[in-house]
Structure formats: C-alpha cells, structure tokens
Protein chains: 2
Amino acid sequence: MDNQKRFFLTESEIPTQWYNIVADMKTKPLPILHPQTKKPITVDQMTGIFNRACSEQELNTTDAWIDIPEEVRNEYKKYRSTPLVRAYGLEKALDTPAHIYFKNESVSPIGSHKLNSALAQAYYCKKEGVTNITTETGAGQWGAALSYAAKIFGLELAVFMVKVSYNQKPYRRLIMQTFGAQVIASPSMSTRAGKDILTKTPTYQGSLGTAISEAVELAMQTPNCKYVLGSVLNHVTLHQTVIGIEAEKQMAMAGEYPDIVIGCFGGGSNFGGISFPFMRHNILEGKQTQFLAAEPAACPKLTRGVFEYDFGDEVGYTPLLPMFTLGHDFAPANIHAGGLRYHGAGTIVSQLIKDGYMKGVDIPQLESFKAAEIFAQAEGIIPAPESAHAIATAIREAKKCKEEGKQKTILFCLSGHGLIDMTAYDQYLSGDLRNYELPQEEIDKCTSRLEKLA
Amino acid sequence: MDNQKRFFLTESEIPTQWYNIVADMKTKPLPILHPQTKKPITVDQMTGIFNRACSEQELNTTDAWIDIPEEVRNEYKKYRSTPLVRAYGLEKALDTPAHIYFKNESVSPIGSHKLNSALAQAYYCKKEGVTNITTETGAGQWGAALSYAAKIFGLELAVFMVKVSYNQKPYRRLIMQTFGAQVIASPSMSTRAGKDILTKTPTYQGSLGTAISEAVELAMQTPNCKYVLGSVLNHVTLHQTVIGIEAEKQMAMAGEYPDIVIGCFGGGSNFGGISFPFMRHNILEGKQTQFLAAEPAACPKLTRGVFEYDFGDEVGYTPLLPMFTLGHDFAPANIHAGGLRYHGAGTIVSQLIKDGYMKGVDIPQLESFKAAEIFAQAEGIIPAPESAHAIATAIREAKKCKEEGKQKTILFCLSGHGLIDMTAYDQYLSGDLRNYELPQEEIDKCTSRLEKLA
C-alpha cells in the first residue's frame, strides 16, 4: 500500500515533439490517393480540404520527430502531463499478479484525449488565416474538444454530430454550445450528402462516415473554411503521440516497461497515441511488446475488414485510404461507444497489422460495460464506453496472467470519462443493453470483396 | 507564457494530518447542544447518530492537527494532490493585473472535493463495525462521492437526494447507482419526516434540511446504521482542510501567498477546507489575508441570517448549532447550485464571521453563470454551478484590482466541474434562467428573530 500510485512529469518534461512512426516503418503504408484522379495525393491537393501544416504532416514519411508549436504546448500545459496511474484497486479486484497501469486522459478539461489534436489543428488553422472550421463528432468527445480549441484560438466552428449520439448524449451537445459552437444532427438537410442519405433512409441514425461527408462538403463550399478531423488520418494520430511519449517517461519513473499496450480503436488516433512511441522500440530494437487494439464486436474492421482502398467518409469526398475497412457505406449498430462506430482503420495501423506489429481484439458491448463497472468500483472513475473496450481487454489479459501465473505489465489508455454517458450506464444497470454482432450480410459483403481482390 | 501553470505535490508531500482550526481560535464557538436536553452534547450522545471517531473530532477543541488514517491517505493518493493552477487564461480574459490561482478539486474521480470527507467517514464507519450508512445530497456531488467511498470500504448506502436535483440531475443519480447506492428523492414517503412535509406541501421540491431529517431518521431506526453528513459539521470541514494544506505548499512552489482566499459556501466544508489552513496565519501571526465566502443571493444566511441556536435539519433531529441561519424551515428557491441551498452556516464559520476573520458575499444566479461561461471559455473547464459562485467573486475582486491598479494574489477553490449540470447551462444559454432574491417575508422573519434576540 506504500507504493506510489500516480506519476506526473514536470512542465519542462512535457514533450516538445510528436512522434511520426511512418518515418521508422520498414514497410511504408501505400500512398493516399486523390478521390478523382486515383493518383497519390499531393500536399497542395490536400489543402483543398485541410490546412497546410496538417497536410504536410499527413504526407511526411521522413521525419520521425515533429516540433510541437510553442502556442500548442502552452495550451497542453493547462492539463498535461496527464497522470500515469498504477491501478492497485483493479489489480486487487481481479486478484491478478499483473501490474496494471493506465494513462488517465480523462482529466483533460474536456474529459478525453481529443483535446491533444484539437488544439494543434485549431492553432494551425488560425495561423494560416482560416476563420471557420467544420468537423464531425460521434459521441461528442471530439466535438467538445474542438469547440474549446476553436474558442481559444478564435475560430467559428460547425459540428455535425452523429444523430444517435445527438439524441443519446444531449449534455455533450450542450458543452459544445457552451463553448460557442454550432451543432447539427447528422444526417442533416443542410448538405447534399445529408439530404441524399435521408431521402434514401429517412430514419437513418447516422454514422461517423456520414457526418464526415457533411462536414467536408460544408467546408468545401464555405470561403476561408477548412475541415478538421478527429481521428483516422496520420496527422491526428501524430498529435496524439504526446500520450505515449509521456507514458514512456512515466513508466520509467515507475521502474517498468509494458509487456502489453492497449487502446480502444475507433479511427485509431487514441490507439496510435498511446502505442506508437512504445512500438518504435519493437520496430527499431526488436522489442517484443504486444499491442492490442480494442474494437467493438459490432464494428470489427480490424478483425473482419478487408484491406483495400476506401473512402474515409460515406459519400466519397475524402482521399482514398489503403486500409482495413468494412466499406464506407457500412452502417454500424447503435452501440453506446459512438466514437468507435467507424468503418475504417487508417493507413498506418492497417500496414502495422499486415506487418504483425499489432492486432485487433473484438469486445461485445455487454463485456465492455461489465468491465467499466468493475473499473469504476475499483478505481472510482466511470469510464467512457469507448475506453471501456480497452479496460475489458486489459481485464482479459490480467485474468490470463492469473491463470498462467505470469506477472506481466499491462498499460492501457483511459481515453475519457463517461460522466456524460450515464444514460448508457442506466440501460446497462437496468438490463436493457444487448450485444450486437456483425450481421451476416455484412460478413458476406466482406467475403465477396475479398474474393474480388484475390 | 513560459511560467509554470500547474503545481503538484509528490505523494510523500500529501498531508498526513488535517487542520482543526477550533484549537487555534481565540474565541471558541459556543457549544453544540443536545436537541432534547438543550445541554452541551457529549461524544457518547453524538454516537447515537454518528460514528465515534467523527463525534470525537466534532467536539475536539484542543488538537490543532489530527492524523489522517493511513487507509484514507492511501485512497487520497488515487487523486491527490489535486493541481493548483495559475489561471493565465482567466487573467487574460479579464485583463487584470491580479494573479489568479485555483485549486482544482474537479479532477477527483467523482468530480468534486466531496470525496475528501466521504472516504474518511466511510473508513471510520467500517472500522467501527457499521454495515449501513445513510446520507443526504443536494446537487448529488456528495452522494456520488459517498457512493464510491461506501463501495471502497464495503458499506451499504441509502442516499436521500433533494427532489429538485433528483429531477434536474438524473446523471448524478445514475452515478450513485453505478456505485451500488440506493437513491431516494426527498421528501419521500419512506420516513415520517418526509411524509409530514409532503402532507403539508405535496409539491415541495425538497431542501438539504429536509433530506438530512430523512437520512437521520432512517439511520436512527436501522440496526448497525450510522448517518453521514456532507458538510456543515466541524469534522466534515476538518477532512476538507487537506485542500488548503496542499494549496499552501503549492502556493509556496509558485512563490506566492494569497491576499484573498475564496470558496463557495453551502454548508461550509469546501470554504473551510480551502480557507482555514491559510486563516490560521491570520489568527496566530496577524496576517491580513481576506477570506470571502460566496453564497447564492437566494440563500444568504451569511449576510442576512440571524446568529442563534438552530437545528441542522428541517425536522429537528440534529443537535442544536450556534450559527447564522435563515431558519431550519427556510425553503430556498430552486437555483441550480443545489449544494448551496442550505439554511445554516455551521458553528466555526459563524464564530469566525462574528470575530471579523471572514465575510460572506452574495452572488445572484445569473452573475454566477456568466462567470462560469467566462471561466469555461478561458480555462476549458465547465465549473459546477456551486463553484461558479467562487469564480464570480474572484472575477469581482480581479476587476477591482484592475480599477485600482493593484496586483493582488487571488486564490479560489474550484470545488467541482459542471459536466453533469449541463441542463442548467442549457437554461442559461437559452435565456431562461433568472435571479432569485430573498423574499420579503423571509427578511421579515429574520428581522423579527433578531428583535426577539435583542
């Protein structure tokens, strides 16, 4: 009971650079293609949608370390370093010999890791003279973070929020509005993309893919406006590596190095954020750390998806990405982990899976909430439904340690708290929650795509 | 921009003792009286309702420092020290020469300072063989904290939640249920106290005073059950002094000492927690720090209340406390700062006001939400409506500094975040919120009580 529970860095130890794993990868991801020409996209072409700095970061395959602008780092200081916590309570509850650590991103003012990239992207937009930005949000964690970042850097923001979350999570909508953002339920009638979908399926509850289409469309049609994305793309994951870089220093303070690193997986930025700084030692020095990406069984692109070029959005406005995907028109079940309802895996992670550096783990919804309950009662923190997938995976591994009598060191990222997701807990506690598997017709679609590729 | 923003203590620097200001007060508070005999209450009599350790702490007037049990300190380590933050963003927004600091208790896993006493009280109950505990909660911050603490130490808990908050804040109720507590809207039909009130006023929306009556009644009628209180009494404030003791060390790290210390004021434990460790230097060494207790204009016991013996609850189950009070049957308006809707000030604070060591400040509801909005947009943290009263007071003082060209150092306690109070922000943002003044008939009641006492 006398051992240290939490580890912090001083402000001078907060990272000054992000880590770009692509520079160290022996097999680079296939190039991102222009959606019309189908040729590798250029920075200039990317700036049709994104700001220039992020476009350059997106296509940077040579610089392993990229400077964090001083203005962004100053904002980081308001909440970073986030604590690395030894989960003694959880270890005791599981009676496991494993040492379990979590990086607690839930203490960010917005309640999740999303602020790490929101601040960076808002800063770059402002610096380049952009006045308006658009984005999508699933459960609302990203939208809330960007609303705050937009306010800090003086930008106007319109957020397309996936309709099922818009209705399930009114508090997150209100948080965005408190920071002065405009929030629209997606699909909406305010874009062609939204109108087309609603005309075809009037009751469609939305998906991240659809919301991205709407946000991109509005950005393309508005003067001096750029689109800003909360995950999936390389530059977003780049910004999130501040998590793993801090965690590596903090694990050293604890005198340990993880055998297993776990993150939940939606678009991949949280997972890449905690993992890539550790994974570089696997790539460069042959370390054997295991990396597990926890995705919902209802949206299993890592384990069931097909590796092919696909769009990042529903309609096909974004560049074509070489990745594991369930298809850009995949309509995920209405699970509460709204941030994980995304069809594709992003280019870096997809290549890393192919190269055997990491693997996906599928977590059913009920297992994720059971894990959340165990964690809350042991550590006092009610986790976001997304983060609960990482916790469930950590619990599986910790139980394995107990069975095998092995004392492994497990690190997971607690990407956010669930205080605004309490209706989901209400359903869980009252027994109204159920599991969703991938429907057979979706499995068939993947199979037929695989056959075509073969 | 290069100066340090946040200050933390190492785990070994986390306080090992709480501070009992009564031992240092030159004029001790008048004694607490037994509700029936009207004679000074004894520890044995107090244990009819409370656990023994807290009863002893309640009546301890000699020991300035009281050891924090190792089991409690170990739980503190899960979230303490909380950060002391230099509010550069707020200073900039106000363009003030003042240096503003806040002690951020909102990063506790439960989202407020309440856990500091909840852990202590639950621990003592468990240690003394208690199996069941009861309590009241206003906005739900205390109930949420105690639910977690009860789970940690293996106690069954029943929470009487003020009805207006029960309806306004369903998420807090769900948090308590996630931790396994039973939550009842107060007034309820499950106690005599509740039945009596509902029979007289069926639409009564509840108050902390009523909820306390119900919780005390249930505790008295249940075997092996103790009542646990979230504020008002001396031992609760004692536990909260961990806030101020940490803050003093952290202010020293920042190279400053506050000219003004501010806390919002409901039952007084948050205010005493941040203030008393600093106030001891006023008492012992003649320092001239100013202490401001921010109460809602709708419930102004510090500025409008009468100093007299009064009950802590609606019905009159608790001991009689010598304090500034609006009367134990006072029915406060339904403001969103549910934790500040309490009629009395507690014995220590009441004596300190009489002795000129501190004073109350009345904040109208709209001013509190305007302050919350300014703070949220500057610092990224959406504050609890209660804490917004402290922020409003800090903003008033910072503006005064600007007008007078003085560079004072202001410290306030951010007692909790408001992520679960977003319906209140919804009303504020849509212009539906209004101010409540003390009704004339309540002022008349106070005046007539004053005349009787004179």
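Two strands are taken to pair if DSSP finds at least two bridges between them. Helices (H or I, at least four residues) and strands (E, at least two) are DSSP runs, numbered from the N terminus. The model is a predicted one, in which local features need pLDDT of at least 70 and side-chain atom pairs count only at pLDDT 80 or more, while totals for chains, interfaces and linings use all residues. Residues are numbered from 1 along each chain as its sequence is written, chains are lettered from A and ligands numbered from 1 in the order in which they are written, and side-chain values use heavy atoms, with hydrogens and water left out.

In chain B, seven strands make up an open sheet of mixed pairing, in the order β1-β4-β5-β15-β10-β11-β14. The edges are taken by β1 (6–7) and β14 (359–363) of chain B, each with a single partner strand, so one side of each has no neighbour in the sheet. The strand β1(B) runs antiparallel to β4 (residues 84–86) of chain B, and two bridges join them. Within this pair, Phe7(B) is placed opposite Leu84(B) of β4(B).

Two helices pack on this sheet. Helix α11(B) touches β1, β4, β5 and β15 of chain B, and its direction makes about 140 degrees with that of β5(B). Helix α16 (residues 385–404) of chain B touches β5, β10, β11 (290–296), β14 and β15 of chain B, and its direction makes about 150 degrees with that of β10(B). Touching, or contact, here means heavy atoms within 4.5 Å. Axes are lines fitted to C-alpha atoms, for helices over the stretch in contact, and angles run from 0 to 180 degrees between N-to-C directions.

Strand β15 (residues 409–414) of chain B pairs with β5 (residues 99–104) of chain B in the parallel sense, over six bridges. His99(B) stands opposite Thr409(B) in that pairing. Strand β10 (residues 260–264) of chain B also runs parallel to β15(B), to which three bridges join it, and Val261(B) stands opposite Leu411(B). Six of the six residues of β15(B) are buried, so the strand is largely enclosed by the rest of the structure. Buried means under 20% relative accessible area, exposed over 50%, and partly exposed in between (1.4 Å probe, protein chains only). Thr409(B), Leu411(B) and Cys413(B) point one way from the strand, whereas Ile410(B), Phe412(B) and Leu414(B) point the other way.

Helix α11 (residues 234–253) of chain B also packs against helix α2 (residues 52–59) of chain B, at an angle of about 90 degrees and with the axes 8 Å apart. The two helices are therefore roughly perpendicular to each other. Angles of 65 to 115 degrees count as roughly perpendicular, under 35 as roughly parallel, over 145 as roughly antiparallel and the rest as oblique. Cys54(B), Gln57(B) and Glu58(B) of α2(B) meet Asn234(B), His235(B), Leu238(B) and His239(B) of α11(B). By class, this contact has two nonpolar, four polar and one charged residues. Ala, Val, Leu, Ile, Met, Phe, Trp, Tyr, Cys and Pro count as nonpolar, Asp, Glu, Lys and Arg as charged, and the others, Gly among them, as polar.

Over all chains, the structure holds 35 salt bridges, a salt bridge being a side-chain nitrogen of Lys or Arg within 4 Å of a carboxyl oxygen of Asp or Glu. In chain A, one of them links Glu367(A) and Arg396(A), with the closest N and O atoms 2.8 Å apart. Glu367(A) lies in helix α15 (residues 365–379) of chain A and Arg396(A) in helix α16 (residues 385–404) of chain A, so the pair ties together parts that are 29 residues apart in sequence. Glu367(A) is partly exposed at 27% relative accessibility, and Arg396(A) is partly exposed at 32%. Arg52(A) and Asp44(A) form a further salt bridge (2.8 Å, N to O), with Arg52(A) partly exposed at 34% relative accessibility. In chain B, Glu75(B) is joined to Lys78(B) by a salt bridge at 3.2 Å between the closest N and O atoms, and both residues are buried. Arg80(A), Lys103(A), Glu105(A) and Glu246(A) are joined into one network by salt bridges that share partners.

Thr393(A), in helix α16 of chain A, is buried at 1% relative accessibility. Apart from neighbours within four places in sequence, Thr393(A) is in contact with Ile262(A), Leu292(A), Ala294(A), Val361(A) and Ile363(A). Ala215(A), in helix α10 (residues 208–221) of chain A, is buried at 0% relative accessibility.
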